[in-house]
Amino acid sequence: MTQVTDQRATAPFGAVPARSSPAPLRPIPDFGPTDTLRGWLVTAFLTAIAAVTRFTLLDYPTDARTPVFDEKHYAPQAWQMLTGGWVEDNPGYGLVVHPPIGKQLIALGEYLFGYSGAGWRFSAALAGTILVLLVIRIARRLARSTLIGAIAGILLIADGLTFVSSRIGMLDIFLALFVTAAFGCVIVDRDRMRAAMARVDAEGRIGQTPWGPRLGVRWWRFGAGVLLGLACGTKWSGAYFAVAFLLLSLLFDWSARRAYGVRRPWAGIVVRDAIPALYGLIAIPMAIYLGSYWAWYTSETGIDRYAVGNQVGRGGLFHLVPDALRSLWYYHGEALKFHEGLTNSAGNHHPWESKPWTWPMGLRPMLYYYADGGVTGCGQSTCVKAVMLIGTPAIWWVALPALAWMLWRTIVRRDWRYGAVLVAYGAGILPWFLTLDRQMYYFYAVPLAPFLALGVALVLGDVLGPARRAGVPRSPTGTFVPVAPNERYTLGLVAVCLYLGLVIANFVWLWPILTALPISPASWHDHLWLPSWR
């Protein structure tokens, strides 16, 4: 069976479409962008801008040189890790309920700069900067376009949610970094696996077995597993992404085997792919997670380190399990009790809590810091300063139409790029709908931000369309001559540039309430656009 392939459907944004011709039903051999030098120059330039915005005045503001908001939990715990064997052993800390990786990263900044604002925020700023780099590279690979990668980077640089999260000593930016990096590894693994399938197909070996070929060691998928383990070692919600990326990887495998003519693609992923995928994306993250407690295992005073024999009996069904693992299980049970009890029905309410249906548009931000006494510098007799965790409305308020477009492209046009981003975005929000009684906050949405930036950048790529239309044949041989950019592309470019200008202007407008610059009370109220922001 043959068909006419439309290479414009999968051509890189801005490319000149090649002439279509009858060909076997096989994917176009496109496994990534090829403008390597230009891609890295653009990436380096935008990452440098991100670094300037994230690191400037990083030690400001503080609460009389002490942490603000939930930094009050993580900064001292990280300091105790740094000075006490890399483990919290003070039972006076009532919120030792998160795994150690994120706090150990905060401790590295405190090692470099001491117990100061710059110290407990340095690692977060570095993570936020690297996150921009990753989003640029991932968007570039998804779209096969350095331009779309740059657009995604600009969106993330100008996003207030990730900006503020990169300038405060909390855990969410580390979770976002690890899950985004894992997603990037899964995407690269897809391209590498398809390239291997293309080689096998070219050699005529696809049909040697009904399940298709073995693809060897998948090091990029292994890397994704390591990163997912680090995500889980930062916050338990990293486990949602591990399950989602496992399913995504298997779908990629099935799609590739089917596209290259494997006779039994479903059986192929069962026989060839399922066990390696479970190993790479479930077993490896579990091993990394357990290993993240290395300091706790070697500690004599870690919280609940010796629960066996004290809170837990030595006998019972699991007496053959090492005491350290049984104590760790007990420790996790106590942490889970804390999370399960943090519910609205139990009387736990917070003035800035929000539910997940408000996160896509950022309808209920969070006030991290506010001061109105003794503040000067705004040119008025009375000044205030504040840090509000808020997503840039020009980005977040287009989330619902962007998600609808992405869903349409996934279902109707079978566009794998949108489907992959939707899977990652869904892993960051959908599980929270299962526990609506629990206290929740907008900073839980930080891992959504990079995938929102990726999705919006892809949508803007559709707005742009191809840079040039095919030329007119000049001879019977079918030679095509490129022509000037068409009006459709020019209008799309104008629309995209205007939108990015609006995003940047919106970010600049929000800057005072993202960085605690002194402003007048009237200006403060002018920045609070919605009643739910107050």
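R144 is buried (under 20% relative accessible area, with over 50% counted as exposed and values in between as partly exposed; 1.4 Å probe, protein chains only), at a relative accessible area of 7%. The model is predicted: local features need pLDDT of at least 70, side-chain atom pairs count only at pLDDT 80 or more, and totals for chains, interfaces and linings use all residues. Residues are numbered from 1 along each chain as its sequence is written, and side-chain values use heavy atoms, leaving out hydrogens and water.

R144 sits in the loop between α4 (117–143) and α5 (146–157). Helices are DSSP runs (H or I, at least four residues), numbered from the N terminus. The phi of R144 is positive, about 55°, although R144 is not a glycine. A516 also has a positive phi, about 65°, and is not a glycine. The loop between α17 (487–515) and α18 (521–527) holds A516. A516 is buried, with a relative accessible area of 0%. Most residues other than glycine have a negative phi, and most peptide bonds are trans. The bond from Y60 to P61 is cis, with omega near 0°. P61 lies in the loop between α1 (36–55) and α2 (71–83).

Helix α12 (residues 323–341) has 19 residues. Its first and last C-alpha atoms are 27 Å apart, close to the expected 27 Å. The expected span is 1.5 Å times one less than the number of residues. Buried residues of α12 include R326, Y331, H332 and H339. The buried residues of α12 pack against α10 (265–291) and α11 (294–298), with contact meaning heavy atoms within 4.5 Å.

Note on methods:
Helix = DSSP H or I, 4+ residues; strand = E, 2+ residues; numbered from the N terminus.
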